[in-house]
Amino acid sequence: MTDTSAHKPDFAALRNQFPILSREVNGKPLVYLDSAASSQKPQLVLDAVHAAYAETYSNVHRGLHFLSEASTDAYEAVRGKVANLLGAPSHDEVIFTSGATMSLNLIAQCHGPLVVGEGDEILITVAEHHANIVPWQMLAQRVGAKVVAAPVGKDGSFDIELFKTYINSRTKLIALPHVSNVLGTVFPITELSEIARNAGASFVVDGCQGCIHMPVDMAALGCDFYVFSGHKLYGPSGIGVLWGRAELLAEMPPFMGGGDMIDVVEIERSTYAAPPHRFEAGTPPIVEVIGLGAAIDFVQSIGMDHIYQHEAALIAYGHERLADVKGLNFIGEADGKSGVISFTLDAAHPHDISTLIDQDGVAIRAGHHCAQPLMTFFDVSSTARASIGLYSQESDFDVLATSLEKVNRIFG
Ligand code: PMP
């Protein structure tokens, strides 16, 4: 939450801090428009990862020597940085996982059965990533509950009044994205938290495409759980976060058993550590956590509010620019959308589009984006998706548009 940047940042200069962005692909300057899948890393994060291995590396916790203490301090300090980024009341509410997928599975397996029982309903939308569908299906199968999905509008917008009609006395858990990874739709989390609270349902937010693009504050959002992946926030892969309310984490049983998550172990039984360590069995992703800490320092030095404004302007520009491309249809045009522009082209299949424009050095994603129910809802097998990060620039969309016109000429 802390915003240390008083002045408008120079985003062109910030872009230069990402070494990979100066490389060429297929003999052309790289145009990286696949940040929703994973973002590129600034030098500062690469340096932090290198230093963690080269200067302070050792396993964390329990070690009484210098390096173990240095590693443990660096690792544990990142909990505070994450809590600060999320506006979470306590660093003990921050659990490190391997990614958002693991975070959601942890909630489904450890919190799910405490609140969802036989005949109950878990409410999601058709716009979920598979990571926010399958764990709930597994929970539903385990306890005899049902997963119910509310629709979105044909323009990708979210209708809160319509959503409310899907809630009933059996709704015990609601799981929604902060921002859709296909539509870019921003869900009204604060209002939805109140709705979930009034319904007596737990509220899980898949923040994968949320906190990477905009300031967030858990107190203001009011949800019970919020998850994200470090690799989309300019940090390393293999590290994710689960934030949960202290009182909910306290009553949850462990996820995995092993070292680090225990209090006392006997042959017949064990007692468990308090959260967050209860949920971090085994050697954690030490260096990945330290790299995430550097990434958080980086985005906070810019200011999440500045990143939000910069990217909102870019998405508006991208829409304007791509609207000129003949036969291009946007999938997702909700007001205030964030981060991604999904589209189809009358002339060519998304896979052909992606393969062809790769020849111009343009990296986009084509496929179902791990959102098959949404593809079914929009009656398409796949879409092309251009997605941005703080290093993206208007010229990325100029090159994309020119390259798409070329696709039109080839297939036209
Ligand atoms: N939810 C959303 C909205 C996502 O965009 C993604 C990543 N594409 C995930 C969940 C899963 O994240 P990860 O693969 O890093 O666990």
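Biologist: How far apart do the C-alpha centres of domain 1 and domain 2 lie?
Modeller: They lie 28 Å apart. Keep in mind that this is a predicted model.
Biologist: Okay, and which residues belong to which domain?
Modeller: The domain assignment gives domain 1 two stretches, 11-41 and 304-411. Domain 2 covers 47-300.
Biologist: How many residues are in contact between them?
Modeller: On the domain 1 side there are 39, and they are in contact with 35 residues of domain 2.
Biologist: Switching to the ligand, which pocket does its space correspond to?
Modeller: The ligand takes up the space of the largest pocket.
Biologist: Nice. Which residues are around the ligand?
Modeller: Among them are G99, A100, H129, N181, D206, H231 and K232. By type, the shell has seven polar residues, three nonpolar and two charged.
Biologist: What about T101, how far is its polar side-chain atom from a ligand oxygen?
Modeller: That distance is 2.6 Å. S229 also places a polar side-chain atom 2.6 Å from an oxygen atom of the ligand, and for Q209 the value is 2.7 Å.
Biologist: And how much of the ligand does the protein bury?
Modeller: The protein buries 84% of the 400 Å² that the ligand exposes when taken alone.

How values were computed:
Residues numbered from 1 in each chain as written. Predicted model: local features only at pLDDT ≥ 70, side-chain atom pairs only at ≥ 80, totals over all residues. Heavy atoms only, no water. Near = heavy atom within 4 Å. Polar contact = N/O pair within 3.5 Å; in protein donor to acceptor, adjacent residues only side chain to side chain. Areas by Shrake-Rupley, 256 points an atom, 1.4 Å probe, with all protein chains shown as cover. 1 Å grid on protein atoms, 1.4 Å probe; cavity = no way out; pocket = protein on both sides within 12 Å on 5 of 7 lines; lining within 4 Å. Sits in = over half its atoms within 2 Å of the grid points. Nonpolar A, V, L, I, M, F, W, Y, C, P; charged D, E, K, R; others polar. Domains from an automatic or database assignment. Contact = heavy atoms within 4.5 Å.
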